[in-house]
Amino acid sequence: MNARIAAEAIKGGKLSQLADLAKKYAEPSASVAHGGHVRTIAAGHYTVSGLSRHVRLGEFVAHRSATGIHLGEVVRVEPEVIYVCPIEPGEPIGIGDIVIRKGAFRVAPDESWCGRTISALCEPIDGRGPLKNGSMKRPISTTAPPSMTRARVEHGFKTGVRAIDIFSPLCLGQRLGIFAGSGVGKSTLLSMVARADAFDKVVIALVGERGREVREFIEDTLGENMGKCVAVVATSDESPMLRKMAPLVGITIAEHFRDQGQNVLFIADSVTRFAHAIREVAVASGEPPIARGYPASVFTELPRLLERSGPGIEGSGTITAIISILVDGDNHNDPIADSARGILDGHIVLERSLAEEGRYPPINPLSSISRLARKAWTEDQEKLVARLKSLIHRYEETRDLRLIGGYRAGSDPDLDMAIKQVPIIYDVLKQTPGEAFADDAYGDLAAALRAGSAAGIGGRR
């Protein structure tokens, strides 16, 4: 043991506490020698002396306080002290408290976790007893499979949401973002996609959600599908460290099932709150902001998280990622939205104006793009969608002209067709969470257009 730490521990009567702490929390390779004590305390972090030579950035430490043993993450290392952000909110910390090295945070997912709701620390919060740990422990901070060993994305699947399946179809292993302002319907759309039957497992990371909505989402929205789901929850009142850990734990669980050859759906709601949590931790450790208050580490952690989804190595399964991005002030070019859009394989844009019109889900088919759509479309479907987008574009760009009576029917055959058919298309795209899974979106659209033509439906909206 470091002589100075040992002397202080013996003087304070804490040698037995340090040994107990090491026995409970230290990694097998760690020893009682890897211990220190709290030196200074500040809002959002505290410093520890005596551990600088033994810990690495991102590792965890265990801290004994007056109320028990608590965890913290190392966010900065200096020659004399390390900076630690406490994991749990409101943790009582005192000068001189014993702190020992724990190592990287690891989880051991198991098939029995399906149907369970857990915290970011992998502790059950559903009142159904303890979790059974699997045989393999995985660190929550790891890297994606090497690019040239990963399988290719090839096969499309149906989400059951007509607006997505027609205009922005998805493939197994794709990464898609749902971009919207607050209260526009991101979580509702995510719950509709979670019903897709193309997946063996569903892993949901609820980051910074309102506490009252967690049970509603799990019990009402997922319902009977919860049997193949694992939900990782960190509510808005929890510490930034827990909100940062939740999607990392979620993607680690998804990787476990993917490596078993299963197709996994990973849902994160929302990545923006994950970025906010990283910002809080980084600013507390002294990292300067570089873009609208966000430090550089935010733009390092985002691709690390998102790249871990997608197809696994040849012969394994896939992780299809559907994540929500909360755009601040409905600005779709804010730093987080702009960065995520460049990493993802497509984006669905939800418009507040469409929600105000009563169109749910309020997806803008012209702004929404799936970069892998051609792998899901047939040649005829691709031509049809191009024609539909052309009609919608003509309809929307002439809306003001038609409202003031400046257009005369017969002047433009394409616009005449758009005026008749686009309102029908919009009606087909409307879909509430309670509606049945839409198994044939193109068939529904064709039937509605035929019925509209037979009835002479259309107008100058």
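**View 1. The one cavity.** Search the whole structure and you find 1 cavity of 30 Å³ or more. A cavity here is a set of points, on a 1 Å grid over the protein atoms alone, where a 1.4 Å probe fits but cannot get out. This is a predicted model, where local features need pLDDT of at least 70 and side-chain atom pairs count only at pLDDT 80 or more, while totals for chains, interfaces and linings use all residues. Residues are numbered from 1 along each chain as its sequence is written, and side-chain values use heavy atoms, with hydrogens and water left out. The largest cavity holds about 40 Å³ of space; a volume is the space filled by probe spheres set on the grid points, which are joined across faces, edges and corners. Its lining is made up of Ala163, Leu354, Arg359, Pro361, Pro362, Ile363, Tyr426, Leu429 and Lys430. By class that gives 7 nonpolar, no polar and 2 charged residues (Ala, Val, Leu, Ile, Met, Phe, Trp, Tyr, Cys and Pro count as nonpolar, Asp, Glu, Lys and Arg as charged, and the others, Gly among them, as polar).

**View 2. A cis bond at Pro361.** Pro361, one of the residues lining the largest cavity, is joined to Tyr360 by a cis peptide bond with omega near -5°. Look for Pro361 in the loop between helix H10 (352-356) and strand S21 (369-370). Helices (H or I, at least four residues) and strands (E, at least two) are DSSP runs, numbered from the N terminus.

**View 3. The largest pocket.** This pocket has a volume of about 730 Å³. A pocket is an open set of grid points with protein on both sides within 12 Å along at least five of seven lines, and lining residues have an atom within 4 Å of a point. There are 29 lining residues, and Gly58, Glu73, Lys244, Glu301 and Arg304 lie nearest the centre. Sorted by class, the lining comes to 14 nonpolar, 7 polar and 8 charged.

**View 4. H6 against H7.** The axes of H6 and H7 come within 8 Å and cross at roughly 135°. That makes H6 oblique to H7: angles under 35 degrees count as roughly parallel, over 145 as roughly antiparallel, 65 to 115 as roughly perpendicular and the rest as oblique. Axes are lines fitted to C-alpha atoms, for helices over the stretch in contact, and angles run from 0 to 180 degrees between N-to-C directions. The H6 and H7 crossing is left-handed, meaning that the near helix is turned anticlockwise from the far one by less than a right angle, with clockwise being right-handed. On the H6 side, Pro240, Met241, Arg243, Lys244, Pro247 and Leu248 meet Phe274, Ala277, Ile278, Glu280 and Val281 of H7 (contact means heavy atoms within 4.5 Å). This contact has 8 nonpolar, no polar and 3 charged residues.

**View 5. H7 against H8.** Helix H7 (residues 271-284) packs on helix H8 (residues 296-307) at about 140°, with the axes 9 Å apart. H7 and H8 are therefore oblique to each other, and their crossing is right-handed. H7 brings Val271, Phe274, Ala275, Ile278, Arg279 and Ala282 to the contact, and H8 brings Ser297, Val298, Glu301, Leu302 and Leu305. That contact splits into 8 nonpolar, 1 polar and 2 charged residues.

**View 6. H8 against H9.** H8 and helix H9 (residues 335-343) pack at about 35°, axes 10 Å apart. Here too the crossing is right-handed. Val298, Phe299, Leu302, Pro303, Leu306 and Glu307 of H8 touch Pro335, Ile336, Ser339 and Ile343 of H9. The classes come out as 8 nonpolar, 1 polar and 1 charged.

View 7. Most residues other than glycine have a negative phi, and most peptide bonds are trans. A cis peptide bond links Asp269 to Ser270, with omega about 0°, and Ser270 sits in the loop between strand S15 (263-269) and H7. Cys122 has a positive phi of about 60° although it is not a glycine; find Cys122 in the loop between strand S8 (116-119) and strand S9 (138-139).
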